[in-house]
Amino acid sequence: MKATAIAPANIAFIKYWGKADDALRLPLNSSISMNLSGCVTTTTVEFSPSYREDIVEFMDQKALTILSRSREDSQSESLRVCNHLDSVRVRAGSSWHARVVTKNFFPKGAGIASSASGFAALTVAAVEALGLTLSEKELTIIARLGSGSACRSIPDGFVEWQKGKNSQTSFAYSLYPENHWDLLDIVVVVQKSQKKIGSTEGMDGVRTSPFLGKRIRNIPDRIKEIKHALAHKDIEFLGALMEEDCINMHAVAMTQKPPIYYWNGTTMDIIRSVCDWRMQGIPAYFTIDAGPNVHLICEAKDEKIVSKKASKIIGVQQIIVNKPAQGARLVEEHLF
Ligand code: PMV
């Protein structure tokens, strides 16, 4: 009972920041994202009565070392994986333990969060390995339980996660396939190490921000508008809305108690530069997740000029170009 899945990371144009229900990972707001072709995770899961416990192994980039961990290690990463396997086992009525091997094909140490691609790949592989036949909607609901943003890495291309009122109504679906629009996400890496405060922990304090209510009230309109921008492939409108939502999310994070400052000086330099480039007629727009790295969204025709300009900014360590990508899917080749 072995299966392997590959899943992309995604970048949110309208971001998820705050939960209505912690255990079920129901979000306070709906969100919209694009899957990333250049940042994927592959995961193999095997369930067998011969395993006495769950074994979770994280392969490094070159597959030279395997970091082996089990539930007993109480390492939060592997514990989250084991808990997620429980969510799938419950549905299948299985008590078998599993071996999980997972590998990130992200540019090495790029400081890009892998929980979305990781939990999406884990969900699709585990469900298949236990012989369950589930719809895409059901897969997104299970993936959401592992990491909220992971539900958006299951459907193809451009995806909406509808916040819903309960677990069954909080799911993700594709708005458009990956070939809908030649958009690019040029990730400008300014810090390669892992962020200090992860998104799960960061979101815990969201209600202490005086600006949370204002942001959440604005989101339904912003979602409508961004859908319009996607439908009409209107980069100016999309970019303006995306930047507004990014700044709103970070304003909430920065005004939480205790405050969270995800940016560094180079992050701010890039924001200013992007605004200057627009004055020069280059249609590029920024968005930033829970860390200092900046995602520049532009059309494929502007890739060269945007990448060139970004790479010249002092403090920039790496540039990663992503196209819109397919969602999670099964693959034949196993990692073990
Ligand atoms: O699902 P998580 O815990 O990885 O949270 C994602 C939070 C942001 O990346 C900041 C926003 C988003 O919607 O992806």
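A close look at N322

A: Leaving out residues up to four places away in sequence, N322 touches M34, L36, S37, G38, C39, L183, L184, D185 and V187; touching, or contact, means heavy atoms within 4.5 Å. Before going on, a word on the ground rules. This is a predicted model, where local features need pLDDT of at least 70, side-chain atom pairs count only at pLDDT 80 or more, and totals for chains, interfaces and linings use all residues. Residues are numbered from 1 along each chain as its sequence is written, and side-chain values use heavy atoms, with hydrogens and water left out.

Back to our residue. N322 sits in strand 13, residues 318-322 (strands, E, at least two residues, and helices, H or I, at least four, are DSSP runs numbered from the N terminus). N322 counts as buried because its relative accessibility is 0%; buried means under 20% relative accessible area, exposed over 50%, and partly exposed in between, with a 1.4 Å probe and protein chains only. The N322 side chain also reaches the backbone nitrogen of G38 at 2.7 Å.

Now zoom out. Across the boundary, 35 residues of domain 1 are in contact with 45 residues of domain 2. About 3100 Å² is buried between the two domains, and carbon and sulfur atoms give 68% of that. Of the area that domain 1 buries against domain 2, F13, K15 and W17 supply 29%, more than any other three residues. (Buried area is the accessible area, with a 1.4 Å probe, that two parts lose on being put together, summed over both.)

What about charges and polar atoms here? There are 2 salt bridges between the domains, where a salt bridge is a side-chain nitrogen of Lys or Arg within 4 Å of a carboxyl oxygen of Asp or Glu. Elsewhere in the list of such pairs is E160 with K227, whose closest N and O atoms are 2.7 Å apart.

Which pieces of domain 1 face domain 2? Strand 1 (2-14), strand 2 (19-21), strand 4 (31-48), strand 8 (158-161) and strand 9 (172-176) each give two or more residues to that side. The largest share, 7 residues, comes from strand 4. By type, that side of domain 1 has 20 nonpolar, 9 polar and 6 charged residues. Here Ala, Val, Leu, Ile, Met, Phe, Trp, Tyr, Cys and Pro count as nonpolar, Asp, Glu, Lys and Arg as charged, and the others, Gly among them, as polar.

Finally, the whole structure has 12 salt bridges. One of them joins D245 and R222, with the closest N and O atoms 2.6 Å apart. D245 is in helix 6 (residues 235-254) and R222 in helix 5 (residues 212-231), so this pair ties together parts 23 residues apart in sequence.

Conventions: A polar contact is a pair of N or O atoms within 3.5 Å; within protein, one must be able to donate a hydrogen and the other to accept it, and residues adjacent in sequence count only if both atoms are side-chain atoms.
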